Amino acid sequence: MTPQELTFLEPGAHDEPFPPAEMAWDEPNGLIAIGGDLSVPRLINAYRSGIFPWFNPGEPIYWWNPDPRAVLLPEMVNFSRSLRKTIRNKGYKVVFDHNFKQVIAACAAPRSYSSGTWISPEMQQAYCRLHDAGVAHSVEVYNKDDVLVGGLYGISSGGVFCGESMFSTEPNTSKIAFIALAWYAQHVGYTLIDCQLENSHLLSLGSTSISRKDYMTVLRSAPEPEQADWVFDQSVDLSRWEPGQTD
């Protein structure tokens, strides 16, 4: 594909369709459109099309559908003994959707290994609007002092939960949030957790890669959970949960 074939989206045209997945560029991997806006209808349309926005502050909005796609089957999450011990002994509490705004702000905070963030104030506001619309959700981990120390956020799109970013200010707390997400996804019936792009952290948690074609097949066919209330059951002892078992 040549650069001249890249689709430019019009701001304000919220119902404008995205290009089909096979139109995504090979290099850079997955680039499929540019422009548009971050309105709630546009973002919902994007995720339903297997597409997500990713751009740096000051850049136009770039839209992506990479191949391959990093994903995780909830029942295949890697749950180590050491992480079970941490959950059992540290007294962390997991809740959902208690403070979405604080979670996304923490995900946007500077990291020791990075000089900047793609989660700009514009992006934060857009995903907070998605949260208000009941589409975006947060998983939050609090310590014994009721301080938010880890979490993640993402988008519910049919039978797929699309993870966007995670953070931790105490060791392993982002992993605890991810384990809680996997438990919930299996419990209510999400087929897949979309991790977008592979990295070592996600690989350690059990993510794998599938083709864009296979990802789109799941996205289009997986049924939406009927009982996704986004309330974490506090009677659940995550340290004893065995992925793949529904009890």
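## Basis

The model is predicted: local features need pLDDT of at least 70, side-chain atom pairs count only at pLDDT 80 or more, and totals for chains, interfaces and linings use all residues. Residues are numbered from 1 along each chain as its sequence is written, and side-chain values use heavy atoms, without hydrogens and water.

## Helices α2 and α5

Helix α2 (residues 81-90) packs against helix α5 (residues 173-188) at about 95 degrees, with the axes 11 Å apart. Helices are DSSP runs of H or I with at least four residues, and strands are runs of E with at least two, numbered from the N terminus. Axes are lines fitted to C-alpha atoms, for helices over the stretch in contact, and angles run from 0 to 180 degrees between N-to-C directions. The two helices α2 and α5 are therefore roughly perpendicular (65 to 115 degrees).

L83, T86 and I87 of α2 meet K175, I176 and I179 of α5 (contact means heavy atoms within 4.5 Å).

## The sheet

An open sheet of 4 strands has mixed pairing and the order β1-β2-β4-β3. Two strands pair if DSSP finds at least two bridges between them. β1 (7-9) and β3 (52-53) are the edge strands, each pairing on one side only.

β1 runs parallel to β2 (residues 31-35), joined to that strand by 3 bridges. F8 stands opposite I34 in β2.

How values were computed:
Parallel < 35°, antiparallel > 145°, perpendicular 65-115°, else oblique.
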